[in-house]
Amino acid sequence: MKKLFTLLMVAALAVGCCSACRMRVKNAKPLEGTVWHLVKMGGESLTLPADSFNIILNENGLGGRGACNSLLGQYATGEKMALQFSALGSTKMLCPENEPLEMKMLQVLSETTHYDIDYDMLMLMKNGTILAVFKAQAQ
């Protein structure tokens, strides 16, 4: 009787998890048109001001903001969540405190080969390794 109860509980949990997973996928934020805020890079969690280290992808390309510079570029998507950024650039204002982080963010964008979205989290990857994680900002 205990074994049957245990099996039923495991089955119920599995069904519940699958349902929750489907809801996360169904309610996932779109890649394009969402303001994505950098929260993790190189395995390190970051706490950054909401008005900096953001990107947005739309029909005009990539836009965004680093520490104090505006970011711009182009991107292309493909099969199996392929994503590549190109023609990346930024304005050249001095922002010494976070300039290395801004440069690293541009480097991560240029190295990106794929992406994945889990509800409100965008993961930029290079050949399966997560380079950076962005969180969708409320609009």
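Strands S4 (residues 61-65) and S5 (residues 70-78) pair in the antiparallel sense over four bridges; pairing requires that DSSP find at least two bridges between two strands. Strands here are DSSP runs of E with at least two residues, numbered from the N terminus. Within this pair, Gly-63 has Leu-72 of S5 as its bridge partner, and four residues lie between S4 and S5 in the hairpin that they form.

This is a predicted model, in which local features need pLDDT of at least 70 and side-chain atom pairs count only at pLDDT 80 or more, while totals for chains, interfaces and linings use all residues. Residues are numbered from 1 along each chain as its sequence is written, and side-chain values use heavy atoms, with hydrogens and water left out.

S4 also pairs with S3 (residues 54-58), again in the antiparallel sense, over five bridges. Asn-54 is bridged to Arg-65 in S4.

| Hairpin | Bridges | Residues between strands |
|---|---|---|
| S3 and S4 | five bridges | two residues |
| S4 and S5 | four bridges | four residues |

The model contains one salt bridge, defined as a side-chain nitrogen of Lys or Arg within 4 Å of a carboxyl oxygen of Asp or Glu. It joins the side chains of Lys-135 and Asp-120 at 2.4 Å, N to O. The pair links distant parts of the chain, 15 residues apart: Lys-135 belongs to strand S9 (residues 129-136), and Asp-120 to the loop between strands S7 (114-118) and S8 (121-126). Asp-120 is buried, at 13% relative accessibility, whereas Lys-135 is partly exposed, with a relative accessible area of 33%. Buried means under 20% relative accessible area, exposed over 50%, and partly exposed in between (1.4 Å probe, protein chains only).
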